[in-house]
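Dear colleague,

I am passing on the structure below, together with some notes on what was found in it. Please read the notes with the coordinates open beside them.

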Amino acid sequence: RGLVIVATSKITQRGTETWLVPSQSLNGKYAVTVTTEGKECTCPDFELRRQPCKHIFAVQYVLFREHVTETKPDGTVQTTTTEAASVRVTYGQPNWHAYNAAQTTEKDHFCRLLHDLVADVPALPQTGAGRRRAPLSDTLFAAAYKVYSGFSARRFMSDLRAAREQGLVSRAPAYNTLFDVMQLEEVTPILHELITATAKPLAALETQFAVDSTGLGTECFYRHYSAKYGHEQVKADYLKLHASIGTKTNVIAAVSITDRDGSDSPEFKPLAKKTAQDFNMEEMSADKAYSSYDNLELIESLGAKPFVPFKSNATAVAKSHRRPQSKTWTRLYHYFQLNREDFLEHYHRRSNAETTFSMLKRVIGDTLRSKTPVAQTNEALLMVIRGILGVRH
């Protein structure tokens, strides 16, 4: 975030120790003071946490990049090097041999991992007379491989025939079969279980999780009436991917897919329960969108500690017309108010969930090509599997 401020804003110096850094929310400027005793900022985040904020990092990057030039009253120019400028952070060159090897063999490794992942998928029951269905393991492999390739089903057939020659599938399904398997509602829970299977190898390492959501665009559009403009508007439709993500290993423990109107908070419970089934969950963090006493009580009932900040209008007494006051809510509210620094140290681990979404989208993109709701859901799950195997490689 400091780098973004440096790249998009003008940072000016006032005096020898103070810098004016624009607010990213356009709420004015903050004064950053850099001295030998330490660094301070007038922004609320620094006053709350007393730790370096993005504005301090922005000033440090400026000092790293250039020396400080001062014009004296007599007209002479003096260039000095500050303490921060003398502590320049440097990074070594990447291991190009390993990078090239990973990039040039990614497709081979992906196919082998995918083959092992779907090998034990049971066949769907055969109903009625007619031609026997292709093995579900073959069709799921073909569908996931097609998503990986980015080709249309017809253009993908040459890759699928090559996979057949390598023994990755017992037979190459017809391209219409790929369309059919994407339309099956019975495939959706199987894809969820495959995502769980990719996470289980890291169960011994991961104990801290965060819940968040991101959008996946579609090639469909919807109309809605805008009171602001007084007429209908056409916007691109999208799905929401909700996920429980490990903050240490970035493992995706559980996911759910909703339409664009799907709220975040209702998806919290199934994600948390699914995570607790497969992992020794000790912490669960989430942003304010998931703040409710039902969610807080659920996390504690699963044996974990919740780190979900309270909204600005929250009070220590949370009552409901359905039941009396929640003791869990009251206790955690006081902990949030009185131990803010310790709370934020745990809460900000959820930033790794956003990092995970960023890594996934760099690998899989963020657009679905299917048109129907079931096919879009299945494609989104296949994209997650494709991203996990690609990142894991």
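Ile252 in E9 is the bridge partner of Ile245, and strand E8 (residues 231–246) pairs with E9 in the antiparallel sense over six bridges; two strands pair if DSSP finds at least two bridges between them, and both helices (H or I, at least four residues) and strands (E, at least two) are DSSP runs numbered from the N terminus. This is a predicted model, in which local features need pLDDT of at least 70 and side-chain atom pairs count only at pLDDT 80 or more, while totals for chains, interfaces and linings use all residues. Residues are numbered from 1 along each chain as its sequence is written, and side-chain values use heavy atoms, with hydrogens and water left out.

The hairpin of E8 and E9 has five residues between the strands, and Asn250 there takes a positive phi near 60°. Strand E9 (residues 252–258) is mostly covered, with seven of its seven residues buried, where buried means under 20% relative accessible area, exposed means over 50%, and partly exposed lies in between (1.4 Å probe, protein chains only).

A second hairpin is formed by E3 and E4, with two residues between them. Strand E3 (residues 29–35) and strand E4 (residues 38–41) pair in the antiparallel sense over four bridges, and Thr33 stands opposite Glu40 in E4.

As for the cysteines, the structure holds zero disulfides (a disulfide being a pair of cysteine sulfur atoms within 2.5 Å). The sulfur of Cys43 has its closest cysteine sulfur in Cys53, at 3.6 Å, which is too far for a bond. Cys43 counts as buried because its relative accessible area is 1%, and Cys53 is likewise buried, at 3% relative accessibility.

Thr315 lies in the loop between strand E11 (305–307) and helix H11 (327–338), and it counts as partly exposed because its relative accessibility is 43%. Leaving aside neighbours within four places in sequence, Thr315 is in contact (heavy atoms within 4.5 Å) with Trp329 and Tyr333. The C-alpha atoms of Thr315 and Trp329 are separated by 9.3 Å, the two residues being 14 apart along the chain.

Finally, Leu3, which has its place in helix H1 (residues 2–8), counts as exposed because its relative accessibility is 55%.

With best regards
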